[in-house]
Amino acid sequence: MSDPRVKTRPKTSTKPKVQRPPLWKVILLNDDYTPREFVVQVLKAVFRMNESQAYRVMLTAHQKGACVIAVYTRDVAETKAKEATELGRANGFPLYFTTEKE
Ligand code: TYC
């Protein structure tokens, strides 16, 4: 039992509880139909990659089946994946980008 004569101070911790938002991966999936050059163009346009970055990502997806492109907050990841997938669709290609929580 605690001694009532001993005064304890209330806890006054002011440590801020700041939480980072969870990040979401955007993943590029390979397919047999979309031209390599088109994939590179989409990566440059939507994900702000330069030619060599975009080429490397495209080739990794081509060889391994999928490639993580970048991580963003959920909203940004979903918007970019949708926009990039839509660019393929608008040009008649089955190019597909998906998202996944990190
Ligand atoms: N596999 C496609 C081809 O041979 C190119 C491609 C690469 C398509 C990566 C999609 O995510 C992709 N034309």
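Lys44 and Glu51 form a salt bridge in this predicted model, with their closest N and O atoms 2.5 Å apart. Lys44 is partly exposed, at 28% relative accessibility. Glu51 is also in the partly exposed class, with a relative accessible area of 37%. Side chains of opposite charge can pair when their charged atoms come close.

The total for the protein is three salt bridges. They are set out below.

| Salt bridge | N to O distance |
|---|---|
| Lys44 and Glu51 | 2.5 Å |
| Lys25 and Glu100 | 3.1 Å |
| Arg74 and Glu78 | 3.0 Å |

The bridge between Lys25 and Glu100 links distant parts of the chain. Lys25 belongs to strand β1 and Glu100 to strand β3, which covers residues 96-101, and the two residues are 75 apart. Glu100 has a relative accessible area of 40%, which makes it partly exposed.

Glu78 is partly exposed at 31% relative accessible area, and Arg74 is partly exposed at 45%.

**Overall layout**

The protein contains three helices and three strands. Along the sequence they follow the pattern β-α-α-β-α-β. Of the 102 residues, 29% are buried. Among contacts with a separation of 6 or more, 70% join residues 24 or more positions apart. The protein exposes about 7900 Å², and carbon and sulfur atoms supply 52% of that area.

**The nonpolar core**

In soluble globular proteins, nonpolar side chains tend to be buried together. Here the largest nonpolar core has 23 residues. Those with the most contacts inside this core are Val26, Leu28, Leu43, Phe47, Ile69 and Phe97. Two or more core residues come from each of β1 (23-29), α1 (36-47), α2 (51-64), β2 (66-73) and α3 (74-90). Helix α1 gives the largest share, seven residues.

Leu28 shows how residues from several parts of the sequence meet. Leaving aside residues up to four places away in sequence, Leu28 touches Val39, Leu43, Val57, Met58, Ala61, Gly65, Ala66, Cys67, Ile69, Leu95, Tyr96 and Phe97.

**Helix α2**

Helix α2 has 14 residues and reaches 20 Å from its first C-alpha to its last, close to the 20 Å expected at 1.5 Å a residue. Its buried residues are Ala54, Val57, Met58 and Ala61. These residues lie on the same side of α2, because they cover an arc of only 100 degrees around the axis. An α-helix has 3.6 residues a turn, so residues three or four places apart point the same way. The cover over the buried residues of α2 includes β1, α1 and β2. On the face turned away from the buried side, α2 carries the exposed residues Arg56, Gln63 and Lys64.

**Helix α3**

Helix α3 has 17 residues and a reach of 24 Å from first C-alpha to last, close to the 24 Å expected at 1.5 Å a residue. The buried residues in α3 are Ala77, Lys80, Ala81, Ala84, Thr85 and Gly88. They are on the same side of α3, because their arc around the axis is only 125 degrees. These buried residues pack against β1, α1, β2 and β3. The face of α3 turned away from the buried side carries the exposed residues Asp75, Thr79, Lys82, Arg89 and Ala90. Just after α3, Gly92 takes a positive phi of about 80 degrees.

**Asp31 in the loop between β1 and α1**

Asp31 lies in the loop that runs between β1 and α1. With a relative accessible area of 17%, Asp31 is under the 20% cut-off and therefore counts as buried. Not counting residues up to four places away in sequence, Asp31 touches Pro94 and Leu95. Asp31 and Ala66 are 35 residues apart in sequence, with a C-alpha to C-alpha distance of 9.4 Å. Leu95 and Ala66 are also among the residues that Leu28 touches.

Terms used. Residues are numbered from 1 along each chain as its sequence is written. Side-chain values use heavy atoms; hydrogens and water are left out. A nonpolar core is a set of buried Ala, Val, Leu, Ile, Met, Phe, Trp, Tyr and Cys residues joined through side-chain atoms within 4.5 Å. Buried means under 20% relative accessible area, exposed over 50%, partly exposed in between (1.4 Å probe, protein chains only). Helices (H or I, at least four residues) and strands (E, at least two) are DSSP runs, numbered from the N terminus. Contact means heavy atoms within 4.5 Å. A salt bridge is a side-chain nitrogen of Lys or Arg within 4 Å of a carboxyl oxygen of Asp or Glu. Accessible areas come from the Shrake-Rupley method with a 1.4 Å probe; for residues, only the protein chains shown count as cover. The expected span of a helix is 1.5 Å times one less than its number of residues. The arc is that of the directions from the helix axis to the C-beta atoms.
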